[in-house]
Amino acid sequence: MPEDRPPYPPFTRETALQKVQAAEDAWNTRDPERVASAYTPDSVWRNRDAFISGRDEIVAFLTRKWERELDYALRKSLWGFRENRMAVRFQYEWHDAEGQWWRSYGNELWEFDEHGLMRRREASINDVAIAEADRRIHGPRPEDERGIDIPLQ
């Protein structure tokens, strides 16, 4: 029995925005199993310089990521969509074990199967050191900030 993860493609603007917010919410849990369940069992990723294939590798990758990227908090923003594909901008903030804060800026390309599961994810990401006082992402997005675009810088 195939797994389903609505909304399903082809996406409308409304359903694409729902999909992006659902992904942001899941990633902000920092629960690798929960995040991986939104991907096909054979999903393929490129994340920076890492090539990942399948849910087991996704879980292992995310486990390592969140052991290193402490107090991770993410914002995603829909850039564009067509049929079963989306382009998404994102920013997240985190600190390392030494206490240095970072803001990571990125772009993702997503492709979904007919059941609403992501089968392909390509992410390009750059990290910028920031002072703790310059943080602007503090935990999951509050309800009153949903739908607000993220700034460029």
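Mentor: Pro 7 lies in the segment before helix 1. Helices are DSSP runs of H or I with at least four residues, strands are runs of E with at least two, and both are numbered from the N terminus. The model is predicted: local features need pLDDT of at least 70, side-chain atom pairs count only at pLDDT 80 or more, and totals for chains, interfaces and linings use all residues. Residues are numbered from 1 along each chain as its sequence is written, and side-chain values use heavy atoms, with hydrogens and water left out.

Trainee: What makes the peptide bond from Pro 6 to Pro 7 cis?

Mentor: Its omega is near 0°. The bond from Pro 9 to Pro 10 is also cis, with omega near 0°, and Pro 10 too is placed in the segment before helix 1.

Trainee: How do you know that the span of helix 1 agrees with its number of residues?

Mentor: The expected span is 1.5 Å times one less than the number of residues. Helix 1 (residues 13-28) has 16 residues and should therefore span 22 Å; its end C-alpha atoms are 23 Å apart, which agrees.

Trainee: What is noted about phi of Arg 30?

Mentor: Phi is near 55°, a positive value in a residue other than glycine. Arg 30 is in the loop between helix 1 and helix 2 (32-36). Arg 48, in the loop between strand 1 (39-47) and strand 2 (50-53), likewise has a positive phi near 55°.

Trainee: Why is Arg 30 called partly exposed?

Mentor: Buried means under 20% relative accessible area, exposed means over 50%, and partly exposed is in between, with a 1.4 Å probe and protein chains only. Arg 30 is at 36%, so it counts as partly exposed. Arg 48, at 27%, also counts as partly exposed.

Trainee: And why is Ser 104 called buried?

Mentor: Ser 104 has a relative accessible area of 0%, so it is buried. Its place is in strand 5 (residues 101-112). Arg 48 is one of the residues that Ser 104 touches, not counting residues up to four places away in sequence; contact means heavy atoms within 4.5 Å.

Trainee: What makes the pair of Ser 104 and Asp 127 a polar contact?

Mentor: A polar contact is a pair of N or O atoms within 3.5 Å; within protein, one must be able to donate a hydrogen and the other to accept it, and residues adjacent in sequence count only if both atoms are side-chain atoms. The side chains of Ser 104 and Asp 127 make such a contact at 2.5 Å.

Trainee: What separates a cavity from a pocket?

Mentor: On a 1 Å grid over the protein atoms alone, a cavity is a set of points where a 1.4 Å probe fits but cannot get out, while a pocket is an open set with protein on both sides within 12 Å along at least five of seven lines; lining residues have an atom within 4 Å of a point. Points are joined across faces, edges and corners, and a volume is the space filled by probe spheres set on them. The count is 1 cavity of 30 Å³ or more, and the largest cavity has about 60 Å³. Its lining includes Trp 27, Tyr 72 and Ile 125; strand 3 gives the most, with 3 residues. The largest pocket has about 210 Å³, and helix 1 gives the most to its lining, with 5 residues.
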